[in-house]
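Biologist: Before I rely on any of the labels attached to this protein, I would like to see each one set against its cut-off.

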Amino acid sequence: MAQELCSSLHCNVCLMLQAHEEVETHNDANPQKYTQLLNCSGCQMVRYCNRKHQTLDWAIHREFCQAIQAIKKTLNISHPLRVSGTNPKSKDDMEKTIIQLKYLLRNALERPLQYHEEELTSFPIYCPICFSFKNLKILCPSCQNQVYCSEGHLHQHKEEHSKVCGSLKLYYTPYKTIIGKELQLEIKQKVENFQKSDLFAVFEKSFQCKLPRDPTKSLQDYQLFSYAADFSCIASLCYTLSHLDMSSYADTSLHIFIIGSSFEPVLWFREIHLKFFFRQFEEITNLELHFIGPETMQVQDNILQFEYLGKQRNAKYHCFKGLFQDYCRLCKVQPIILAVFNCGFSEFSRRYNNLPQFETPMAESVKYKKDTWSDAIAEMLHYDCPIMFTSFTRQESQFDYAILDSIVKIQQMKIDLERVFKVAKNPYRDLRPLRQWYTGDEESIYYRNGYIQVVKMNKGS
């Protein structure tokens, strides 16, 4: 997350306001004066705290900047937010302007936008009341991530901005860019009722420590908060498995397939996460995790062995860098569950005429990729075990289920889908907010593993 952090309000290199020392000591009762950073004269979309940082960033910024300049020259406009010919005068105007700018930029670059390019074009600097992008002087005193042309417009926007103010403060905290030391915490207690808790409470109970209510106050607070957020994947699995009878797996190897995997093996399934799992299911001693996907990262140790809670625990990693349908031909074991985190089944919904057109947080890059999910889902539906999948937003989660149902009907499978969990907010979602790039989804702030569903396949007539 830290490597992809950028903001049109902050230095594009260090993500720090020029007035950072003031920001740390300002009085929340008074609006913070916005200290103007150096504006890139070419694209007018990024800022720097000094010339040195502007020079350092040029190698990365050049392609984006030159594409914006080409658009301005072609349209004979002085600012990229004038692509429609005039200044935006309403929220709808601004949304249309941003969509048009992105379209022109993708054509100019002849490729999908990279993460920082999506961020810069999705959230350009402008006053949300008058939609002016000049003479911006006042920052939100709390989050420091919304700018206004006047104190009057700040107060006029206060109620609306309060809905996202805390999330923006956390999303843009500079502490995300700092790599800290690995925390050494010990799991002290088992969670007795996983089904009636959430990640925040479960972490505090398991580790017997208090999480900060405002993680942006210090580097230590943010790193503890982020450490807890990394338990989202394993806790979501524990939450699902807590609905199943696990006693029959005490003397066998428990196989879990994690499909569409990427960073999961190295970020969210380390030894501390496995100890968390074994603490919840103490009868399990042998766990085999199958990470499957074209972008799966290999782990250094294929087998983790350690003494824990008076028993020898064995955790084996199988990392397959390829498609699930290919892995099915190689691996014949029966998993207890198929898990897909932030699945994106619906990213290829345009293949199915009965599904509406919409965009998701990852849909833009998908337009340039081959659909591999359809065949993978068909294989998944043949397994005699539940499928757990998470989605970023409620809308996306609804469409993700619709894809499963569509494939059952299109391929005329003789199975019925039983929804163990209907579309619901995942109590074990990641704690760190993300921002929505697309206007087609009502959730402007969303979370990894934000919504969770579990389905079973019952043989139909």
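Modeller: What follows takes the labels one at a time, with the value and the definition side by side.

Modeller: This is a predicted model, in which local features need pLDDT of at least 70 and side-chain atom pairs count only at pLDDT 80 or more, while totals for chains, interfaces and linings use all residues. Residues are numbered from 1 along each chain as its sequence is written, and side-chain values use heavy atoms, with hydrogens and water left out.

Biologist: How many helices and strands does the protein have, and what makes a stretch count as one?

Modeller: The protein has 16 helices and 15 strands. Both are DSSP runs numbered from the N terminus, a helix being a run of H or I with at least four residues and a strand a run of E with at least two.

Biologist: Why is Cys40 called buried?

Modeller: Buried means under 20% relative accessible area, exposed means over 50%, and partly exposed is in between, computed with a 1.4 Å probe on protein chains only. Cys40 has 4% relative accessibility, and therefore counts as buried. The residue lies in the loop between β2 (38-39) and β3 (47-48), where, not counting residues up to four places away in sequence, Cys40 touches Val46, Tyr48, Gln54, His61 and Cys65; contact here means heavy atoms within 4.5 Å. Cys40 and Cys65 are 25 residues apart along the chain, and their C-alpha atoms are separated by 8.5 Å.

Biologist: Why is Arg394 called partly exposed?

Modeller: Its relative accessibility is 33%, so Arg394 counts as partly exposed. Arg394 is found in helix α16, and, leaving aside neighbours within four places in sequence, Arg394 is in contact with Val423, Glu443 and Tyr451.

Biologist: Why are α10 and α12 called roughly parallel?

Modeller: Angles run from 0 to 180 degrees between the N-to-C directions of axes, which are lines fitted to C-alpha atoms, for helices over the stretch in contact. Angles under 35 degrees count as roughly parallel, over 145 as roughly antiparallel, 65 to 115 as roughly perpendicular and the rest as oblique. Helices α10 (residues 232-241) and α12 (residues 271-280) pack at an angle of about 20°, with their axes 10 Å apart, and are therefore roughly parallel to each other. The contact is made by Ile234, Ala235, Cys238 and Leu241 of α10 and by His273, Phe276, Phe277 and Gln280 of α12.

Biologist: What makes α8 roughly perpendicular to α9?

Modeller: Helix α8 (residues 199-207) and helix α9 (residues 219-229) pack at an angle of about 105°, with their axes 10 Å apart, so α8 is roughly perpendicular to α9. Leu199, Phe200 and Phe203 in α8 meet Leu224, Phe225, Tyr227, Ala228 and Ala229 in α9.

Biologist: What makes a set of residues a nonpolar core, and which residues touch the most other members of the largest one?

Modeller: A nonpolar core is a set of buried Ala, Val, Leu, Ile, Met, Phe, Trp, Tyr and Cys residues joined through side-chain atoms within 4.5 Å. The largest has 58 residues, of which Phe269, Leu274 and Phe277 touch the most other members, and helix α10 gives the most to this core, with seven residues. Apart from it lies another core, of 32 residues, among them Phe324, Cys343, Tyr383 and Ile387.
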